[in-house]
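Colleague: I would like to learn how to read salt bridges in a model. Please start with the general idea and then turn to the case at hand.

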Amino acid sequence: MKLLVLGASGIVGRRVCREVARLEGLESVVIAGRDGALLDRLVSALGHELFSSTTLDLHDSAALRAAMEEVDVVASAAGPAYALERDAVQAAIATGTNYVSLADDLPATEEVTALDEGATRAGVTVVSGCGMSPGLSNLLVALAAREGEPEEVAISLAASSADDTGPATAMHFLKMLDDPAPALSDGVDEVARGGTGPRLVYFPEPIGWVETFRSGHPEVLTLPTR
């Protein structure tokens, strides 16, 4: 299998590359991002002959499609997802390339969901949002529903300005607070303004208590309601 990793030069992308290095059955892995020097250092640090790097502007649709045509699967850690995810999925569908991503933006999820029919016709598997939240959060909710009958599900995420020094993280954070925040209450759709509804949530140590706020996040769209 030939793999392309998008957004590999960011903190999350670098972690994805390290996890990918543990996989078996790979023929080659191309890691792509904006910072060519950082990508070269990452290839050297990975110490695996299967890895190579390429500098790629994800806003260049022709270059993105050309890169996808050379691989079997794309794994994207690129962001912010609301600016990149739809075009990346469209490129994957156009080139017949299976696609997975860590996208965690509500508008991006809505846009990608609308592309499902085209992906199905093209025989392309698209899994958008398979990181921590959404992703692991969805699996935990599914497990809770299978093990019992939860009365309420509240998904909270603690973030820090020190998580990443890149602009995509800050842009995503501001976008979450700016977007409408959907919720389900007794089977009825509700939408609140992002950044409202402060709520103290306890996270395991060493984090502790964090004041959280309503935000636009994809879980409400990606979790089954029944």
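Modeller: A salt bridge is counted when a side-chain nitrogen of Lys or Arg lies within 4 Å of a carboxyl oxygen of Asp or Glu. The model here is predicted.

Colleague: How many salt bridges does the structure hold?

Modeller: The structure holds five. Among them is the one between Arg15 and Glu19, where the closest N and O atoms are 3.2 Å apart.

Colleague: Where do Arg15 and Glu19 lie?

Modeller: Both belong to helix H1 (residues 11-20). They are four residues apart, about one turn of the helix.

Colleague: Which residues are linked with Arg15 in a network of salt bridges?

Modeller: Glu19 and Arg22 are linked with Arg15 in that network. Arg22 pairs with Glu19, with 2.9 Å between the closest N and O atoms.

Colleague: Are Arg15, Glu19 and Arg22 buried or exposed?

Modeller: The cut-off for exposed is over 50% relative accessible area, and for buried under 20%. Arg15 has 52%, so Arg15 is exposed. Arg22, at 62%, also counts as exposed. Glu19 has 33% and is therefore partly exposed.

Colleague: Which parts of the chain does the pair Glu111 and Arg86 link?

Modeller: The side chains of Glu111 and Arg86 meet in a salt bridge at 4.0 Å, N to O. This pair links distant parts of the chain, with Glu111 in helix H5 (residues 106-113) and Arg86 in helix H4 (residues 81-95), 25 residues apart. Glu111 counts as partly exposed at 29% relative accessibility, and Arg86 counts as partly exposed at 38%.

Methods: Residues numbered from 1 in each chain as written. Predicted model: local features only at pLDDT ≥ 70, side-chain atom pairs only at ≥ 80, totals over all residues. Heavy atoms only, no water. Helix = DSSP H or I, 4+ residues; strand = E, 2+ residues; numbered from the N terminus. Buried < 20%, exposed > 50% of the residue type's maximum accessible area, 1.4 Å probe, protein only.
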